[in-house]
Amino acid sequence: FYIENYNWGGFEPMWQSNVVGCVQGSVYPDEYLILGAHYDSIISPLYGNPLQTAPGADDNASGVASALEVAKALSENSYYPKKSIIFALFGAEEIGLKGSTYLAEKYRRNDYNVQLMLNNDMIANRQNNDKRLVKLHPYANSMYLTDIASEIILEHTSLTPIVSTTNNPASDSYPFWQQGYPSIFFHEHDFSPHYHSPADIFENCDPGYACEITKASLLNLLYFDNIPTNV
């Protein structure tokens, strides 16, 4: 996709790419479940050149790692989904949700039957050692996703879900909601103090915490793959 205008920053117009893989459904190949995360990273101008120093471990290598681990788990266990599962890694999120906007609009133009868009963005920071909390950002057209995710998280992980603001515009689930697709956004409860800085490195992440959110992502995909198709 080609970017001409930016929400901020003085970058030249350029081509960017999404990285998308699909496991075709064995029963309902034209029904889609999406697990997404953005792979681009940026730092604040306060710290220097964002094109040279942007490690982005939490924002958002953690979300990308989650998508890859879910794909790996399905493959290693020879799981053949009934519905098609799309793993979508978005480019240019940090400059205005460009990659996800492009893909959501493309799927709508081509009449994709998307039944779930689950987005992981910043899932590896945990400051409170006593509680393991995870934020669920719901969208107005699909509040039921939050109820289902909450039940799955409480039953199968060590996390406690906290329902946050509705229709959060700050990540890649938002353009899919704008296109009318059922969407939900998983996010760390304690916002990283290393956000958009050179200190956003693996040593400042909690991989065990991210693993629990990844488990919740996998189980949500499996749930929606195994319930009856939408009428």
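Y39 is in contact with S17, V19, V64, L89, F90 and G91, leaving aside its neighbours within four places in sequence. This tyrosine is found in the loop between β4 (28-38) and α1 (57-76). The structure is a predicted model.

**Y39**

- Y39 counts as partly exposed because its relative accessible area is 36%, which falls between the limits of 20% for buried and 50% for exposed.
- A polar atom of the Y39 side chain lies 2.5 Å from the backbone oxygen of S17, and S17 is also one of the contacts of Y39.
- From C-alpha to C-alpha, Y39 and F202 are 15 Å apart in space, while 163 residues separate them in sequence.

**Strand β5 and its partners**

- In β5, 8 of 8 residues are buried, so the strand is mostly covered.
- β5 pairs with strand β3 (residues 19-23) in the antiparallel sense, over 5 bridges.
- β5 also runs parallel to β4, and 8 bridges join these two strands.
- I85 in β5 stands opposite V23, and I85 is also the bridge partner of L33.
- Together, β4, α1 and β5 make a β-α-β unit, which is right-handed.

**Nonpolar cores**

- The largest nonpolar core has 33 residues, and L116 and F186 are those with the most contacts inside it.
- Two or more residues of this core come from each of β4, α1, β5, β6 (113-120), β7 (133-138), α3 (143-156), β9 (183-188) and α5 (207-226).
- Helix α5 gives the most to this core, with 7 residues.
- Leaving aside neighbours within four places in sequence, the contacts of L116 are Y32, L33, I34, L145, P182, I184, N220, L221 and F224.
- One of these contacts of L116 is L33, whose bridge partner in β5 is I85.

**H187**

- Is H187 buried or exposed? H187 counts as buried because its relative accessibility is 7%, under the limit of 20%.
- Leaving aside neighbours within four places in sequence, H187 is in contact with D121, M122, I123, V134, K135, H137 and Y209.

**Backbone features**

- Most residues other than glycine have a negative phi, and most peptide bonds are trans.
- Which peptide bond is cis, with omega near 10 degrees? The bond from D59 to N60 is cis, and N60 lies in helix α1.
- A92 is not a glycine, yet A92 has a positive phi of about 60 degrees.
- A92 has its place in the loop between β5 (83-90) and α2 (98-109), and A92 is buried because its relative accessible area is 3%.
- L97, also not a glycine, has a positive phi of about 55 degrees.
- L97 is likewise placed in the loop between β5 and α2, and L97 counts as buried because its relative accessible area is 10%.

Methods
Residues are numbered from 1 along each chain as its sequence is written. This is a predicted model: local features need pLDDT of at least 70, side-chain atom pairs count only at pLDDT 80 or more; totals for chains, interfaces and linings use all residues. Side-chain values use heavy atoms; hydrogens and water are left out. Helices (H or I, at least four residues) and strands (E, at least two) are DSSP runs, numbered from the N terminus. Buried means under 20% relative accessible area, exposed over 50%, partly exposed in between (1.4 Å probe, protein chains only). Contact means heavy atoms within 4.5 Å. A polar contact is a pair of N or O atoms within 3.5 Å; within protein, one must be able to donate a hydrogen and the other to accept it, and residues adjacent in sequence count only if both atoms are side-chain atoms. A nonpolar core is a set of buried Ala, Val, Leu, Ile, Met, Phe, Trp, Tyr and Cys residues joined through side-chain atoms within 4.5 Å. Two strands pair if DSSP finds at least two bridges between them. A crossover is right-handed if, with the strands pointing away from the viewer, the path from the first strand over the helix to the second runs clockwise.
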